[in-house]
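I opened this model to look up a few items and write them down. The entries follow in the order in which I made them.

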Amino acid sequence: QQVDLRDLRPGDVIIGNRSGDQPGHAAIYAGDGKVAQNTSNTGRISVASANVFNGKSFQRVVAYRPRV
C-alpha cells in the first residue's frame, strides 16, 4: 500500500522517478532518517540519509509499505 513520506516505517520501499513514470532509484527505509540503497558505481549496499529523495533529482517520490 502506498504511504505518506512523513509516515515512513522501517521496511518501507521508497522509489524516486527521475522522468515520467520510470523508476530512477529505489531504497528501503531503515529508520532514523536512513535508507539502505544500492550504489550503482560500486554495486554494494550502503546506508545513507533519506534526504537523497529530497531536492531536484526526482520528479516524483512515492513510498510503499509491504503487506505482511
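**Entry: a strand pair.** I began with Thr39, which stands opposite Arg44 in β5. Next I looked up Asn38 and found it opposite Ile45 in β5. β4 and β5 (residues 44-49) run antiparallel and are joined by 6 bridges; two strands pair if DSSP finds at least two bridges between them. The hairpin of β4 and β5 has 4 residues between the strands, and in it Gly43 takes a positive phi near 75°.

**Entry: basis of the values.** I note that this is a predicted model, in which local features need pLDDT of at least 70 and side-chain atom pairs count only at pLDDT 80 or more, while totals for chains, interfaces and linings use all residues. Residues are numbered from 1 along each chain as its sequence is written, and side-chain values use heavy atoms, with hydrogens and water left out.

**Entry: Ser46.** I stayed in strand β5 for Ser46. Leaving aside neighbours within four places in sequence, I found Ser46 in contact with Val35, Ala36, Gln37 and Thr39, where contact means heavy atoms within 4.5 Å. I also took the C-alpha separation of Ser46 and Ala27, which is 9.9 Å for 19 residues along the chain.

**Entry: Asp32.** I looked up Asp32 in the loop between β3 (22-31) and β4 (34-39). Asp32 is not a glycine, yet its phi is positive, at about 55°. Asp32 counts as exposed because its relative accessibility is 78%.

**Entry: Arg65.** I then went to the segment after β6 (60-64), where Arg65 is found. Arg65 has a relative accessible area of 14%, so it is buried. Which residues does Arg65 touch, not counting those up to four places away in sequence? I listed Gln1, Val3, Asp7, Leu8, Arg9 and Asp12. For one of these, Val3, I looked up the separation from Arg65: 62 residues in sequence and 6.5 Å in space, C-alpha to C-alpha.

Entry: I placed Gln22 in strand β3. Gln22 is exposed, because its relative accessible area is 56%. From Gln22 to Arg65 I have 43 residues in sequence and 20 Å in space, C-alpha to C-alpha. Lys56 is found in the loop between β5 and β6. The relative accessible area of Lys56 is 86%, so this residue is exposed.

**Entry: the whole chain.** How many helices and strands does the protein chain have? I read 0 helices and 6 strands. The radius of gyration is 11 Å, close to the 11 Å that the globule rule gives for 68 residues, so the chain is as compact as a globular protein of that length. The radius is taken over C-alpha atoms, and the rule is 2.2 Å times the number of residues to the power 0.38. Along the principal axes, the C-alpha atoms fill a box of roughly 30 × 25 × 20 Å.

I noted that 26% of the 68 residues are buried. Of the contacts between residues at least 6 apart in sequence, 43% join residues at least 24 apart. The accessible surface is about 4,900 Å², and 48% of that belongs to carbon and sulfur atoms; areas come from the Shrake-Rupley method with a 1.4 Å probe, and for residues only the protein chains shown count as cover.

**Entry: charges.** Last, I looked up the 9 positive and 5 negative charges, whose mean positions are 5 Å apart. Lys and Arg count as positive and Asp and Glu as negative, with His and the chain ends not counted. I took the place of a charge as NZ of Lys, CZ of Arg, CG of Asp or CD of Glu.

Notes:
Helix = DSSP H or I, 4+ residues; strand = E, 2+ residues; numbered from the N terminus. Buried < 20%, exposed > 50% of the residue type's maximum accessible area, 1.4 Å probe, protein only.
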